[in-house]
Amino acid sequence: MSRRGEVLRSQLADAARRPARTLLTGLAMAVAAFVVFGTVLAHQVTERTLLAGLSGTPAAADLVVSGDVTTRTLDAARRVPGVAEAVGRTDAFYGFAGGTGGLSVYADPGTGPLATVRVTRGRYPGAADEIAVTRRTVERLGLAVGGTLRVTAGADPARSVPLTVVGVVAAPDDPGAAGYTTEAFAARLAGHDGLRQVELRLTPDAHPADIAVSAPGDGPLPAGLVERARADAGLDRVVPYRASPDVRVAGVAVEGLAAVDLDLRALATRADFGASAGSLADAGPGRVVLLRVAATMANTPVGAGLLLAPADLDRLGVPAAPTGLLADVAGDGGRARSAAVAALRAAGGPGVGIEVTADDRDDLAGDLRAVTAVLLSLLALTVVVAVVGVGTTTALSVVERTRESGLLRAVGMSRRRLAATLTVEAGLYGVVGATLGLLLALPYGWLTVAALGAGAPVEFPAGRLALVVLALAAATALAGLLPARRAARVGPVTALAAAD
Amino acid sequence: MTKHPDPAPAVAAVDLVKVYGRGETAVRALDGVTVGFRRAAFTAIMGPSGSGKSTLMHCLAGLDTATSGQALLGGTDLTRQPDRVLTRVRRERIGFVFQAFNLLPQLTAAQNITLPLDLAGRKVDPVLLDGLVGALGIGDRLTHRPVELSGGQQQRVALARALVSRPEVVFADEPTGNLDSRSGAEVLGLLRDCVRTLGQTVVMVTHDPGAAAYADRVVLLADGRLAGDLDRPGRDAVAAALHDLAVAR
């Protein structure tokens, strides 16, 4: 048996011997952990709803492509750099074979941020002929997981397809005759590859430059504005660009998409554009870079969906004159910003739109900071209370077991190891508490998300939660360190003489 | 009295002084004790309460540090060693048997026995362990926890724990103090057996003349000084010597 194993064995045995003590102490930590986990989840929700509220776009879908879209459009979209996820939506009604009524079948990924349904029983369809239905559908149609439905598909009413119910899902609305399955099977069922729409989730956020200037209407900027802006000492990194609002991708009009030849590499905040698929360095003639148009990108001065090389815009027949420019303010603070705005206004004359995006960005960041600060201070208080509780319990436990400590020292446990053993024990309380708290907080966090109706799928931020468990264990171990060191300093004779 | 009464003692005290407290309230628990304990012998330290017998044992066993003088364990002076070394000495060279057994309640008898080896990261010699367990008659109690054992059984487990690391010397502090007379006699008999059969050196502190009568030699202390040295005394001889000490005071 290794030394470490011995210590742990002894501690675990002790915890098992006094389950009430371990549980009660764990409870103090559980309360703290509960709050911590609840806060982590609530913070996610807050962040999401705040951003979603500001941008007015759905939480996860950044771009919606509709019109004449097919599964080929979907495959093409998936290959575009900057697209993290793409799903196709279809819905079609199928009558029951040899009976009245029928079932609406929707395509949905079933998991991930773009899923609109969540499996509550069984599993999500993965293969052909499999379907998941809503709870009401189960009740109304008297179905069970594992049961089979026969629907008529296609033009031929005699052609019937058996569908195996593999799961029950919770959907945003539940009319009582709805089934969900994969895109592939939905398309096969429909007998064609047409999609109602394609939803894209793009790779994360971009921050704009400080100031955005746009031309009146869709026309070009006043002549000489770019040159004067470049000459102004109050401005840095003046980047002109052209925007063309009418772009069709493979003959498909895309909502919220404007083609722009902005050179991202010229912006100071280019690192924030974070192309997680593909690289900005790859952008060039004939290539397209997609930008996110949700959340913080609601502040994009450009509102760009497509970034193109200037040569491509030329080929599209867009006039050479710039239609807007982005600039960074050279100095810090509101005064430098105001001076720069005044200079641009003087240079551009009336009619030129000037948006100080830095202000919006600061406001948004300020709101988030305030919410986070309130949450964090509540959190800190709870954790302090819990850690003090564990410290007290450990101190008590140490006093109670002075004789045991003395014996361990007498038979040859070093001071350092005795202190380590007692500290590990305190840390165990943290682990017990954090685990209890986690079990309590997960349903709570889920309820919060459901109650806020944020429409956000519940995520399980495993990495962050594991970090919190570790941090709590470390905090409680730290709380146990002081009494443990005190116990280790007592001589073995004194400790052995202590009354029980 | 000579400085070295024994040519090669397992344990020896030389001019050992232990002072508790400071200034006017200082107490000289040991006041210049010089005594040696032979190898493979069973020696009892006796004396009235406050005679310093427990203090002498603690200093010789590296549980406490003396104020001056030497506490020699096989030539090592324990009074000059830092805590780190004393810890090691206790773990590897000394075995303890206490009045209150001092078994860890959360461990089984077997785990309690091997605790010193586990702490030292050493392997248990299964032959030695089997022999000890058999000799001590606790073979059927190994999976029990201390609360499930009688006092005599607990003390025998404690004895096995003291012997399992093959220490140079076993110190027993009032090992029969918490036992009824029958269990006490059994434990004393076992202590004497391990001196006879294993050649173990045993030093026992006791105030019971009956217990001391099991020893090969009885060392008497009074007021922190050596007050007598009896070779293989009977129970009555020990009682008489103790009585004389009490009268002399």
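Colleague: How many bridges join strand β4 of chain B to β5(B), and do they run parallel or antiparallel?

Modeller: Two bridges join β4(B), residues 68–73, to β5(B), and the two strands run antiparallel. Some ground rules come first. This is a predicted model, where local features need pLDDT of at least 70 and side-chain atom pairs count only at pLDDT 80 or more, while totals for chains, interfaces and linings use all residues. Residues are numbered from 1 along each chain as its sequence is written, chains are lettered from A and ligands numbered from 1 in the order in which they are written, and side-chain values use heavy atoms, with hydrogens and water left out.

Now the sheet around those strands. Helices (H or I, at least four residues) and strands (E, at least two) are DSSP runs, numbered from the N terminus. Two strands pair if DSSP finds at least two bridges between them. Strands of a sheet pair through backbone hydrogen bonds, either parallel or antiparallel. In chain B, four strands make an open sheet in the order β2-β1-β4-β5, with antiparallel pairing. β2 (27–37) and β5 (76–77) of chain B have a single partner strand each, so one side of each is left without a neighbour in the sheet. B:L72 stands opposite B:D77 in β5(B). Helix α1 (residues 53–60) of chain B packs on this sheet and touches β1 (11–20), β2 and β4 of chain B. Contact here means heavy atoms within 4.5 Å. The direction of α1(B) makes about 115° with that of β1(B). Axes are lines fitted to C-alpha atoms, for helices over the stretch in contact, and angles run from 0 to 180 degrees between N-to-C directions.

Chain B also has an open sheet of six strands. Its order is β6-β7-β8-β3-β9-β10, with mixed pairing. The edge strands are β6 (94–97) and β10 of chain B, and each pairs on one side only. From one strand to the next, the twist averages 20°. Four bridges join β3(B), residues 42–46, to β8(B), residues 201–205, and these two run parallel. B:I45 has B:V205 as its bridge partner in β8(B). Two helices lie across β6 and β7 of chain B. α2(B) runs at about 75° to β6(B). α5(B), residues 151–163, runs at about 170° to β6(B).

B:R225 forms a salt bridge with B:D31, the closest N and O atoms being 2.6 Å apart. B:R225 lies in β10(B), residues 225–231, and B:D31 in β2(B), so the pair ties together parts that are 194 residues apart in sequence. A salt bridge is a side-chain nitrogen of Lys or Arg within 4 Å of a carboxyl oxygen of Asp or Glu. The structure holds 18 of them over all chains.

Last, the partner chain. The contact takes 23 residues from chain B and 24 residues from chain A. The rule finds two salt bridges across this interface. In one of them, the side chains of B:D83 and A:R409 meet at 2.9 Å, N to O. α2 (83–93) and α3 (109–120) of chain B each supply at least two residues of the side that touches chain A. α3(B) gives the most, with six residues.
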